[in-house]
Amino acid sequence: QVQLVESGGDLVQAGGSLRLSCTTSGSIPSISVMGWYRQGPGKQRELVASITSGGSANYADSVKGRFAISRDNAKNTVYLQMNSLKPEDTAVYYCNILWWQNMVKNDYWGQGTQVTVSS
């Protein structure tokens, strides 16, 4: 069974920085996409950033230039460096891992970590 555990969420002032980590356990193939999503109060869950096992990254427009996603393939761990945080970044941040195997989609989520940005 694949499990994901996020850490690093905290209360921070606007303009500050946080680094989120997501560690995985279980049987994970060498090719996968790992990502960070967030769900703010009263909002739908949205993609923040994703990264392939080859290192290709994708960002939401709202975080481009402020956030950076990275991963350690040997550890199947993904990170999200968040700089210049804004109050609108307040949300629960979820880690996700996704891969296809034998035409079957494998999709796992962590429990989330709270990020609160005060103005």
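Is Trp109 buried, exposed or partly exposed, and what is its relative accessible area? Trp109 is partly exposed, with a relative accessible area of 33%; buried means under 20% relative accessible area, exposed over 50%, and partly exposed in between (1.4 Å probe, protein chains only).

1. Basis of the note. This is a predicted model, in which local features need pLDDT of at least 70 and side-chain atom pairs count only at pLDDT 80 or more, while totals for chains, interfaces and linings use all residues. Residues are numbered from 1 along each chain as its sequence is written, and side-chain values use heavy atoms, with hydrogens and water left out.

2. The aromatic pair of Trp109. The structure holds 2 aromatic pairs. One of them joins Tyr37 and Trp109 in an edge-to-face arrangement, with 4.9 Å centre to centre and 65° between the planes. For this term, rings of Phe, Tyr and Trp (its six-membered ring) pair if their centres lie within 6.5 Å; planes under 30 degrees apart count as stacked, over 60 as edge-to-face and the rest as tilted. Tyr37 lies in strand 4 and Trp109 in strand 10 (residues 104-109), so the pair ties together parts that are 72 residues apart in sequence. Helices (H or I, at least four residues) and strands (E, at least two) are DSSP runs, numbered from the N terminus. Tyr37 is partly exposed, with a relative accessible area of 23%.

3. A charge over two rings. The charged end of Arg45 sits over the ring of Trp109, 4.7 Å from its centre. The charged end of Arg45 also sits over the ring of Tyr94, at 3.7 Å from the centre of that ring. The term requires NZ of Lys or CZ of Arg within 6 Å of the ring centre and within 35 degrees of the ring normal.

4. Side chains of opposite charge can pair when their charged atoms come close. A search of the whole structure finds 4 salt bridges, each being a side-chain nitrogen of Lys or Arg within 4 Å of a carboxyl oxygen of Asp or Glu. In one of these, Asp89 is joined to Arg38, the closest N and O atoms being 2.9 Å apart. This pair links distant parts of the chain, with Asp89 in the loop between strand 8 (77-82) and strand 9 and Arg38 in strand 4, 51 residues apart. Asp89 counts as buried at 1% relative accessibility, and Arg38 counts as buried at 6%.

5. Arg66 lies in the loop between strand 6 (57-59) and strand 7 (67-72), 23 residues apart from Asp89. Salt bridges that share partners join Arg38, Glu46, Arg66 and Asp89 into one network. Arg66 is buried, with a relative accessible area of 11%.

6. A salt bridge with an exposed partner. The side chains of Asp61 and Lys64 meet in a salt bridge (3.1 Å, N to O). Asp61 is exposed, with a relative accessible area of 64%.

7. Strand 11 and its partners. In strand 11 (residues 113-118), Thr113, Val115 and Val117 form a covered face, and Gln114, Thr116 and Ser118 an uncovered one. Strand 2 (residues 11-13) pairs with strand 11 in the parallel sense over 3 bridges, and Leu11 stands opposite Thr116. Strand 9 (residues 91-101) pairs with strand 11 in the antiparallel sense over 3 bridges, and Ala91 stands opposite Val115. Two strands pair if DSSP finds at least two bridges between them.
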